Amino acid sequence: MKNIIGFILALCLLSNCDSSVNTNSNNKANATSSKAKSSTNDAILGKDMHQIVVNEKIESGGYVYIKVTENNKEYWMAVPGRPVEIGATYYYKGGMEMQNFRSKTLNKTFESVIFAEGIHEDLNNMGGVAKKQAPQGKPTVGKIEKAANGIQIAELFENPKHFENKEVIIKGEVVKVNNGIMNTNFVHLQDGTIGNGEYDITLTTDDTFEVGEVVTIKGNVILNKNFGSGYVYDILVEEAVKLKKI
């Protein structure tokens, strides 16, 4: 709101300027014009929007790590894998900072890195917070036998309301791991079944998982989970723990 008021005030000052003013007045007018342009950009971007220029990129672990500049400040970001052009301008909303973040796939520790849902070329096409997109195609693992007293992933996607706020047991193969995001680990499981076109369930956990291992987990089903910073899930299994084999 303050930026909008400042922009309007700057326009009023400019519209009342005399064309015969001296050099000092012209300098003041130019300074006011610069402030107006700055206020316009702030108003367009909004409070939680960011405009960045990409200086460097590293693709790893399903993410693109990009070194960017914003308002003469340089920092690292991580966004879901996508084409990124060096020198191009992008926009993003929100973001969550992780300090001393260790990327195992890069064997590198970032003093600070901003995790964001994504970056966009066109500011006008940025709507509200985007939800996590379901994987396209088919499961990447063969069908895995259901755990004792457990459910299959297809059952969860076919009738999520039935399992909301309930504890479930699922057996599946770990297909993706992102550790240390917002102080938890994000793990993706598949068991070869498909429900409503979806087959990949996300867990949050403090346990350690390795891609390729077949595990049985227990956790609580949460619907429409919004972590903020662009991280939104229709279905999530929270506080998952790895069950020991008997």
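This is a predicted model: local features need pLDDT of at least 70, side-chain atom pairs count only at pLDDT 80 or more; totals for chains, interfaces and linings use all residues.
## Aromatic ring pairs

Rings of Phe, Tyr and Trp (its six-membered ring) are taken to pair if their centres lie within 6.5 Å, and a pair counts as stacked with planes under 30 degrees apart, as edge-to-face with planes over 60 degrees apart, and as tilted otherwise. By this rule the count comes to five aromatic pairs. The rings of Tyr65 and Phe110 have centres 5.1 Å apart and planes at 5°, so this pair is stacked.

Residues are numbered from 1 along each chain as its sequence is written, and side-chain values use heavy atoms, with hydrogens and water left out.

Buried means under 20% relative accessible area, exposed means over 50%, and partly exposed lies in between (1.4 Å probe, protein chains only). Tyr65 is buried, with a relative accessible area of 4%, and Phe110 is likewise buried, at 2%.

The rings of Phe186 and Tyr233 have their centres 6.0 Å apart and their planes at 25°, so this pair is stacked. The pair links distant parts of the chain, with Phe186 in strand S8 (residues 184-190) and Tyr233 in strand S11 (residues 231-242), 47 residues apart. Phe186 is buried, with a relative accessible area of 3%, and Tyr233 counts as buried at 8%.

## The six-stranded sheet

Strands are DSSP runs (E, at least two residues), numbered from the N terminus, and two strands pair if DSSP finds at least two bridges between them. Six strands form an open sheet in the order S4-S1-S2-S3-S6-S5, with mixed pairing. Strand S4 (89-93) and strand S5 (96-103) stand at the edges with a single partner strand each, so one side of each is left without a neighbour in the sheet. The twist averages 50° from one strand to the next, where axes are lines fitted to C-alpha atoms and angles run from 0 to 180 degrees between N-to-C directions.

Within this sheet, strand S3 (residues 73-80) and strand S6 (residues 108-115) pair in the parallel sense over three bridges. Ala78 stands opposite Phe115 in S6.

## Charges over rings

A charge sits over a ring if NZ of Lys or CZ of Arg is within 6 Å of the ring centre and within 35 degrees of the ring normal. The charged end of Lys108 sits over the ring of Phe110, 5.2 Å from its centre, and that of Lys242 sits over the ring of Phe209, 4.6 Å from its centre.

Thr204 lies in strand S9 (residues 201-205) and counts as buried at 6% relative accessibility. Leaving aside neighbours within four places in sequence, Thr204 is in contact (heavy atoms within 4.5 Å) with residues including Phe186, Phe227, Leu236 and Val237.

Val187 is found in strand S8 and, at 0% relative accessibility, counts as buried. The C-alpha atoms of Val187 and Val177 are separated by 4.6 Å, although these residues are ten residues apart along the chain. Among the residues that Val187 touches, not counting those up to four places away in sequence, are Val174, Ile201, Leu203 and Phe209.

Notes: Helices (H or I, at least four residues) and strands (E, at least two) are DSSP runs, numbered from the N terminus.
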